[in-house]
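Let's take a walk through this structure together, one region at a time.

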Amino acid sequence: MLSFVLKRFISMLITLWVIVTVTFFLMHAVPGSPFEREGKALNPTVEKNLMALYNLDKPLAVQYVSYLKSLVQFELGPSIIRSPETVNDMIGRSFPVSAKLGFFSLLFSVIAGIALGVVAALRHNKLIDYVATIISVIGIAVPNFVVAALLIKYFAVEWKLFPAATWGTWKHIVLPALALSFGPMAIIARFTRANMLDVLTQEYIETAKAKGLHPAVVILKHALRNSLLPVITLLGSLIANVLTGSFVIEKIFAIPGMGKYFVDSIYNRDYTVIMGTTVFYSTLLIILMFLVDIVYGIIDPRIKLYKKEG
Amino acid sequence: MEKLLQVEDLHVSFKTHGGEVKAVRGVSFSLEKGETLAIVGESGCGKSVTARSIMRLIPEHVGKITKGKILFNGTDLVTLPEKEMRGLRGSQISMIFQDAMTSLNPTISIGEQIMEGIVRHQKLSRAEAKAQALEMLQLVGIANPERRLKQYLHEFSGGMRQRIMIAIALVCKPSILIADEPTTALDVTIQAQIIDLFKTIQQKTGVSIVIITHDLGVVAKIANKVNVMYAGQVVEAGTVREIFYQPQHPYTKGLLESMPRLDLDRDTPLAPIPGSPPDLFAPPAGCAFAARCQYALEVCRNHQPAYSSLGTTHQVACWLQDPRAQTVYPLQAAK
C-alpha cells in the first residue's frame, strides 16, 4: 500500500510538472503584456522598471526556473495587476467560497442525478423514464446561466423565497447551487440510467431475486453498487470542475469565488495569477483522480491497485 | 410417496414485437420427495421457461402464465401473492443458473451472498448465519471455507463457482432445487464432479431436484424421471430406463440417435434430426413434431395427439401409440 501511494505520488508530481511547464511557455507565447491596456502602452521607463520588478526582463528560462523554485515552497507569487495582493491570498480568500458553493451543488446533483437515473431505469420506457430523459437532455443542453436567470426570476423576484445575488447566509447558496448543479445532475442521471439498465439484465440480479430478497434490496444492494462504478469516474472531474467555481454563475450571482480571478487573469495577462490558478486547479484534479482510484478499489474488489504482500 | 410439486396444464406466453410467443403450451408433470426429474429438449423448447414459472421468475412485463396450476404442497403458486412467493423463493424452492460466472455478483463477497438468504428467511443473527454458510461451503466441497468466505467471485475457478451457486441455493434447506443447465458451462471433468455433488447432497438432505438440460449423459447419471419437451409441450415422460431403453416418441428416438456413441465405429456419422422446431408465434394445429417426423401421418398434421399410457409411469403424446391406431408389427417380428 505504502509503495503504491509513493509511486502514485511521484507520478502525480510529474504530471503537475508537465502541466506547469506547458502552461508557463504557452502563456508567454501569447502576445501582450500585463502592462498593456487597450493598446495603450505605458511610459517606456515605467514599463522597464515594472518588468524588472516582476523579473519579467530576464530570459524566459531563468524566469521558469525561479518560478519552479518558488512553487516548491508553495509560493505562488504576487499578483501583477492586483498588487500588493499575492496569489496565495487570492486563492485563500476565494476558494472557500467556491468550494462551499460547489459542495452543495455537487451534493444536490449527485443525489438527484442518481435518484433520477435509478427511477428512470426501473420504469424503463414508461412515462417517468421519458420525463427523466427529457429533464436530462434539457439539463445538458441548456446553459447554466439560462437556468440561473430563470431561478432568479421566479424564486427571487416573483416568489421572494431566496435572495437574488451576493453571498452571506445559507439562503444565498441555494439558487447558485441549483443553477450550477443542473448540468452535472443531468450527466449523472444519464450515466446512472444507462448503467442501471445494463446491470438489471445481468444474471446475478436473477439470482438475487431467486433468493427471495425484497426488490428494494435487490436494487440497492445488488444493482446500484455495480451501476455506480462508471459514475464515480465521472465524479472526479466533475468535483474539481464544480469546486473551483464557475465564472458565469459567480458573475451572475455576484459571488466572490475563484472563477472570476481565473478568467480575469487571462484577460489581463496577469502571469502569476494564471499560473497560480492553473496549478491549484490541476493539483485538485490530480488529487481527486487519485481518490477516485482508491474509492474504485473499495467498491469493486476486482480492481487491485497494488499487490498484497504474502 | 407424496406429491411435492404438481404442474397442471401450464401455459406461458411472451409478448414480443412480432406478437405473442406461446413458449409453454400445456405442460403437466409431478415431482415427489427426494426424486430427480430431468427436463430435456433442444434450445427454445420451453424447458427453462417451465422452470422459471415454478419460481415465478419470468419477466413480469413480457411473460405471463396464461393458464394452469403449479401446486406446491397443495398451494397454487400461480395465484400466490408476490409477497408470499418471495417467502418461498430461496427457502422452499431454490434455483441454480447455467453460468455461475455471470450469476453471482462480482462486487459482493461470496460469504455475504450465501448469508443474505439465511438472514432473509431464517431471521438468524449474522454469527449463526456465518456458521451455516461455513457448513454449507464444506458440504459442497470447498476447502478453507473460513478464508473463502471473504473472497470474491473472480478468485474462484469455474467449478468452484458452480459449487458456490449450489451452496447459495441449498443453504436454507429447500425442498425443491431447480437446476437450469447447471453443467453446460463447465468442462467435462468438472461436470462429472458437479453431478456427483448433486447426488451426494440429495442423499444427505433429501431435496427433490428438477434438472434442465440438453445433455442426455447428465440425465442418465442423475435422473429418476425424464420429461422430453418439444415446442413447449412434454412429448414423452417416463422413468430414465423407459426413456433410454424404450423410447416411443420419434423425437425421443431422434434425440438418442443423435448422440455420439463410443460403441460404434469412429467413422459412423452422427444422425441429426433434420429440420428445425416450429414457429411458436403460430404453433401448428397438429403434432408440433410432424413436420420433422419420418413416421408422420395425415392425422399428425391436423390433430394434437393425446397422451397414451404405456404403463404407470410412461406416457407419450404420439398418434402412433394411440390406442385407436392400427397395430403395426415391426419387420423383425415378422421374420
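Predicted model: local features only at pLDDT ≥ 70, side-chain atom pairs only at ≥ 80, totals over all residues.

On the α4(B) side the contact is made by I110(B), Q113(B), I114(B) and G117(B), while α7(B) brings I164(B), A167(B) and I168(B). Sorted by class, this contact has 5 nonpolar and 2 polar residues, and no charged ones.

Helix α4(B) also leads us to the other chain. How many residues of chain B are in contact with chain A? There are 24 of them, and they meet 18 residues of chain A. Four elements of chain B each supply at least two residues of that side: α2 (82-88), β6 (93-96), α3 (100-103) and α4 (110-122). Of these, α4(B) gives the most, with 4 residues. The residues on this side of chain B divide into 8 nonpolar, 11 polar and 5 charged.

Now step over to chain A for a moment. An unreviewed UniProt entry places the feature "transmembrane region" at several stretches of chain A, among them residues 134-157 and 169-189. In the model, residues 134-157 of chain A are 92% helix and 0% strand, with end C-alpha atoms 27 Å apart. For residues 169-189 of chain A, the span is 90% helix and 0% strand, and the end C-alpha atoms lie 30 Å apart.

Back in chain B, the UniProt annotation "domain: ABC transporter", again from an unreviewed entry, covers residues 5-256. That span is 40% helix and 28% strand. Inside chain B, 4 strands form an open sheet with antiparallel pairing, in the order β2-β1-β4-β5. β2 (19-32) and β5 (75-76) of chain B stand at the edges with a single partner strand each, so one side of each has no neighbour in the sheet. Strand β1 (residues 3-16) of chain B pairs with β2(B) over 11 bridges, and V7(B) stands opposite F29(B) in β2(B). Helix α1 (residues 47-55) of chain B packs on this sheet, touching β1, β2 and β4 (63-72) of chain B, and its direction makes about 70° with that of β2(B).

β9(B) and β10(B) pair in the antiparallel sense over 6 bridges, and V228(B) has E236(B) as its bridge partner in β10(B). The hairpin has 2 residues between the strands, and A231(B) takes a positive phi near 50°. As for strand β10 (residues 233-239) of chain B, 6 of its 7 residues are buried, so β10(B) is largely enclosed by the rest of the structure. Finally, 2 bridges join β10(B) to strand β12 (residues 315-317) of chain B in an antiparallel arrangement, with A237(B) opposite Q315(B).

Note on methods: Residues numbered from 1 in each chain as written. Chains lettered and ligands numbered in written order. Contact = placed C-beta atoms within 7 Å. Nonpolar A, V, L, I, M, F, W, Y, C, P; charged D, E, K, R; others polar. UniProt positions renumbered as here; feature names shortened; annotations may be inferred. Pairing = 2+ DSSP bridges. Axes fitted to C-alpha atoms, helices over the stretch in contact; angles between N-to-C directions. Buried ≥ 20, exposed ≤ 12 C-beta atoms within 10 Å, placed from the backbone.
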